[in-house]
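Please open the structure in your viewer and keep the selection tool at hand.

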Protein chains: 4
Amino acid sequence: MAEKALAAIAMGAKQTDLREVDIPHLAPEAGLLKIEAVGVCGTDWSWYKGDLQEPQILGHHTVGHIAEIGKAASERWRVKEGDRVALEEYIPCGNCERCRAGEFRLCDFTDPWLGGIRYGATPITVPPSLWGGFSQYQYLHPNSVLHRVPDHVPAAEAALALPLSNGIEWVCLEGGQVVGSTVVIQGPGQQGLACVLAAMEAGAECVIVSGLSADVGRLELAERLGANHTVNIQSEDLKERVVESTGGKMADLVIDTASGGPCTVTSAIEVVRKRGTIILGGFKGQPIPEFFSDTLISKYLTVKGVRGHSYESVERALQIIASGKYLLDEMCTHQYALSEVDEALRTMGGEGAPEAIHTVVAPWQ
Amino acid sequence: MAEKALAAIAMGAKQTDLREVDIPHLAPEAGLLKIEAVGVCGTDWSWYKGDLQEPQILGHHTVGHIAEIGKAASERWRVKEGDRVALEEYIPCGNCERCRAGEFRLCDFTDPWLGGIRYGATPITVPPSLWGGFSQYQYLHPNSVLHRVPDHVPAAEAALALPLSNGIEWVCLEGGQVVGSTVVIQGPGQQGLACVLAAMEAGAECVIVSGLSADVGRLELAERLGANHTVNIQSEDLKERVVESTGGKMADLVIDTASGGPCTVTSAIEVVRKRGTIILGGFKGQPIPEFFSDTLISKYLTVKGVRGHSYESVERALQIIASGKYLLDEMCTHQYALSEVDEALRTMGGEGAPEAIHTVVAPWQ
Amino acid sequence: MAEKALAAIAMGAKQTDLREVDIPHLAPEAGLLKIEAVGVCGTDWSWYKGDLQEPQILGHHTVGHIAEIGKAASERWRVKEGDRVALEEYIPCGNCERCRAGEFRLCDFTDPWLGGIRYGATPITVPPSLWGGFSQYQYLHPNSVLHRVPDHVPAAEAALALPLSNGIEWVCLEGGQVVGSTVVIQGPGQQGLACVLAAMEAGAECVIVSGLSADVGRLELAERLGANHTVNIQSEDLKERVVESTGGKMADLVIDTASGGPCTVTSAIEVVRKRGTIILGGFKGQPIPEFFSDTLISKYLTVKGVRGHSYESVERALQIIASGKYLLDEMCTHQYALSEVDEALRTMGGEGAPEAIHTVVAPWQ
Amino acid sequence: MAEKALAAIAMGAKQTDLREVDIPHLAPEAGLLKIEAVGVCGTDWSWYKGDLQEPQILGHHTVGHIAEIGKAASERWRVKEGDRVALEEYIPCGNCERCRAGEFRLCDFTDPWLGGIRYGATPITVPPSLWGGFSQYQYLHPNSVLHRVPDHVPAAEAALALPLSNGIEWVCLEGGQVVGSTVVIQGPGQQGLACVLAAMEAGAECVIVSGLSADVGRLELAERLGANHTVNIQSEDLKERVVESTGGKMADLVIDTASGGPCTVTSAIEVVRKRGTIILGGFKGQPIPEFFSDTLISKYLTVKGVRGHSYESVERALQIIASGKYLLDEMCTHQYALSEVDEALRTMGGEGAPEAIHTVVAPWQ
């Protein structure tokens, strides 16, 4: 058994150190994951660029093999050493009203938004330190949520399970009946592209993706993945394009994954049809100027704030990935070694290699 | 058959004239209603105080008896002369996507918000002029939506059918599963009190109603009708009261019926629990300052803008009214003759008799 | 204007007569359709083979052009002479609780199951006789439900609008969230194949279609349309195939469109997973032997009886047809002239040309 | 700490022995409950009268105080020694698709219907034997599901939490929108009466309860609890009464809790209205003769098989019990000591004291 894990520890603003961390002795309810690939998430970048309070190992879109597992854990999770799994970022209490209702992502005691431990967001001072994916090994807490991953799936694609599950959750489970409808997706990043796939899966008749000039490559990829129209809102009018594409009927569903600024909330309300639905998934960090709640009433709109995914949506995401029916390898634009985690993070944050969509760290390569 | 109808015609800002209007010759698809009672609605006050473009007969919460009816109309509506009915304000096209989906209140061609004829909001220049309830007779357009009213129901209570149906629609049909939940209702006017009744019908465990100092009488009535707590937000902190009443769990559902200003949108977001629902039913006429869409995401909220009612909710409202199980006569605070329509309107608008809840005009008394 | 329409009138068991019928003078609320193509439905065969009480013109999957239209009808339907439309079979009252709720197919006064007029099922003794599609012209009753059809769609494919809308209604609107799920469709006729298309549209991961030896050609077409597996239940065990295809998880959704006998109700219960859904759309004409309601409880199943379509599902069906993304021309296996209606009906009933899927009568060819 | 628990062990058909059982040493994840009251369930009677394979302690509607608790269990469940709780019968795996979806009652590995341990249904040969409520102490397995119970609630009423939660689950969560509707409940036992309360909570306009001649006392209690009509189907025609009570509209929702025989499935289909819902909660142990699935189609019905309750419904049941707004003490008809468990069971099974509704065993009295 391994005794040490090499890990990239985020120490402060935009700096990680490669260090050896002791691998803990495992309780019967716990396990250890040998990491194969970890997708870099926008949240990692937020932490990395300055939100960090204490050193921690970032990375939480993790795929790997069970390296070691306690007897109770093996029975509970129904996995054994060598099995390949994708890990959710949540470590839910399992016992609160939200957990009992199947919404463990909103666990009253470990909701990421409220604090509490979770993968990729817990200081190394909390034993056994190995809470993140930018590492050779990751600790499997007894409350971990695991999903089986078929062997034939490339690791980098498997690491898309969580972002794609968000797309499934937001578009298919929260967005209602999509068959035959027009869906506008604002923001063509990893999350927005996942929504494109989800909308196509769910039978959208017309998918329109909007972004900025800096997103030109991402918008092109959106079209290759199957989007019907893309709009650079710095050179075109989104509303006009939606009017034109729908014969004036406007969008049935608008998904806002953009985090650039508040204007996409306003445009979402403009391009959605009467009785339509808006899903807000992108944090703005600032209030929305000139927000008229009256328009929600006059257009009889439903607006839902969403974040994260259910167990079911991760299962469905893995099914879609395993089916091979989409060009997911085109989304996997960048891959880095453990020693290159800083570059991987800067790439995701737009300060490294350009045109990144899905950036992966592969600790053993 | 009557040849003339005496009607109170709104001529301009805060002024009605009592005039005789010719009763039209009826097509086989149309009818004529002899009006028994008309509830005064906040919308009437909006028109009356200055939104009027052309003279029109206001009033659209109408109850009456069929005075005359064409053969085709009688077959279609399955009513005959002498039958007692309540009338919806909508005159839907019956043929658009919204009408075909059972949401005729959002009819793509006659949605009140978009224009198009409807009762209480159509100029007298559109033949046959008798489009409003402040009159002895009202024209029944072929596309009218009628509901049977049992004889034993007092006319003033029957005229509560539309406001109460809004309560049913917003709380029960839009608000989701209410059994055992805490419901906060902002604004204790006719609409807010209707929501109180609907919330109790639907099995709310705790109903909290908020209002202003000017609403003291209305808040007291809310308690007599069954609300568990009332809050004067000018002297008490709503959030503290909700924390206290729910042991910190906060409200499952918040209904905003207030039209006074934007602050109730902000407080709705404050007092609703994580994963809760907010129903917005009160127009503000101004933007919401410091509106953070991020809170919708972090609390995983659903916000719905709503207006009006479905056919089903009017039927259920009439059932509840007919059952006699609530003290609806206490809501019926003021009644006026046709010659007193100006006073009736000023009372609804807060410029006449104080403490009005449900104000009724009875044209034949 | 035409004064006579040539029509194939069903006179008694398996016999139609070609006769001229007077075209009526139209009221302002009515219209006249010049028929382009009419799909033959299983219901037509039921009438034709012996359920007929009085002579009538069969055929109700009608596509055509507006030949004549009254002023009121033109305003109401928003169509004019020359416009191309598909017609629903229903002639709903528009005023009952079901109609007002958007479920006019279950109209309390004209529900086909209860009697009342509808297209393709009304005797010629009811004026103006032209109630069916096997005719040059069809009367447009004021309560008709019309849908616009784009010019580029072949008429025979447009005549698939109603069967395909049933698929949309049953699979997508009644069947719940389909993305990523396994759907078993029993019966590979026109209706079952429509369900195959609907299941693929809605993102089913795996579609399994079952039929009899006589259905071999239909099962092959199901595969060409995109079904993952087909099962001839006379030579293979459906349950074993579902176990195998799903790794023992069984089907999330089972749609029974078969009308051959009661055994598909029993097999539906066998192949559905715990907490799954069964949609029953095929009449059996006999009780189900050994029906254990206890299995519904132990497997916690939902079983829905369904028939027909909503306005929305016809709109979505026409969108899918117009998109050209499925090989619908392969479904259009047979086309007949008005003089060949008997052969068209026998073909649909399995007594004429073999391997029929979608059989069309084109009255002007 | 106690070292022995006195327990009534079911040894074979209709026979229990009072014995001392060793109290186990507890792991940190486990606990021990000092039992206050246990409701006797129909399932207990089924086991007791002969379905028993091995000796076991029956009883699973348990209320008590935490006698001892491990550190990890205390943290996980957020309870401490002395806290009063109600226990669910399920001991779910917490990790399967059903558990992760909030439906742990259908846990793929411990679903009562499939086998696996659960309270009141696990042999004493499985350590530590104390799996049932007819005992002074009950073992709290790490996967137990607990609910806090306020001190002011009488123990016998608190022991109604599970049956009442079934009522909430079946009527409110599975039955859809109940406000203003007519609900027929077949079977006036403990489960049927729980449905009566749930229907009233949810705003049913009319509640009709049916039973047999032997149920006269139960039917009377149903009326005292608030049911509008009761029907003895051995002397009255249920369908006629429903026609009469609803003016021919028939029932919106029918709940079948009867286990006497298959006829209530047939009558449910007869008395439900078109587009209505039937909830099947009573096992029959035999097929339904002359079951016409065609009627499900012609009436466009939804039929759901249901069993058990969600976490949420138990919470709501406890809220309703704690509110004191129903005459629940009238439901608590019989109470027995631990030494009288045989009599308690025979009473529930209809072979002991007559007219039992809610029979309770209080081990320390």
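In which sense do strand 3 and strand 7 of chain B pair, and over how many bridges? Select residues 31-39 of chain B, which form strand 3, together with strand 7; the two strands are antiparallel, and 4 bridges join them. Please bear in mind throughout that this is a predicted model.

**First stop: strand 7 of chain B**

Remain with this pair and display Gly31(B) and Leu140(B), which are bridge partners. Next, show the side chains of residues 137-140 of chain B, the whole of strand 7. In a regular strand the side chains alternate between the two faces of the sheet. Here, Tyr137(B) and Tyr139(B) lie on one side, while Gln138(B) and Leu140(B) lie on the other. These four residues are all buried, and both faces of the strand are covered.

**Second stop: a sheet in chain C**

Move to chain C and select strands 1, 2 and 4. They make up an open sheet of 3 strands in the order 2-1-4, with antiparallel pairing. Strand 2 (15-22) and strand 4 (56-57) stand at the edges; each has a single partner strand, so one side of each has no neighbour in the sheet. Now select residues 4-12 of chain C, which are strand 1: 8 bridges connect this strand to strand 2 of chain C. Within this pair, Leu6(C) is found opposite Glu20(C).

Select residues 190-201 of chain A, the 12 residues of helix 6. A distance drawn from the first C-alpha to the last gives 17 Å, close to the 16 Å expected at 1.5 Å a residue. Is this helix largely enclosed or left open by the rest of the structure? It is largely enclosed, because 11 of its 12 residues are buried. Among the buried residues are Gln190(A), Leu193(A), Cys195(A), Val196(A) and Glu201(A). Continue past the end of the helix to Gly203(A), whose phi is positive, near 90°.

Display chains A and B side by side. The same surface serves both copies, as 100% of the contact residues of chain A recur in chain B.

Then examine the interface itself, where 42 residues of chain A are in contact with 42 residues of chain B. The two chains bury about 3,400 Å² between them, 55% of it on carbon and sulfur atoms. On the chain A side, highlight Lys274(A), Ile297(A) and Tyr300(A): these lose the most area to chain B, together 21% of what that side buries. Between the two chains there are 8 salt bridges. For one salt bridge, select Glu97(B) and Lys249(A), whose side chains meet at 3.5 Å, N to O.

**Last stop: chains C and A**

Finally, display chain C with chain A. Chain C can be laid on chain A by a turn of 180° and a shift of 0.0 Å along the axis, with an RMSD of 0.0 Å. Of the residues of chain C, Ala202(C) comes closest to this rotation axis, at 2.4 Å (C-alpha). The copies meet through the same surface, because 100% of the interface residues of chain C are also interface residues in chain A.

Key:
Residues numbered from 1 in each chain as written. Chains lettered and ligands numbered in written order. Predicted model: local features only at pLDDT ≥ 70, side-chain atom pairs only at ≥ 80, totals over all residues. Heavy atoms only, no water. Buried < 20%, exposed > 50% of the residue type's maximum accessible area, 1.4 Å probe, protein only. Pairing = 2+ DSSP bridges. Expected span 1.5 Å × (residues − 1). Contact = heavy atoms within 4.5 Å. Least-squares fit on C-alpha atoms with pLDDT ≥ 70 in both. Buried area = accessible area lost by both parts, 1.4 Å probe. Salt bridge = Lys/Arg side-chain N within 4 Å of Asp/Glu carboxyl O.
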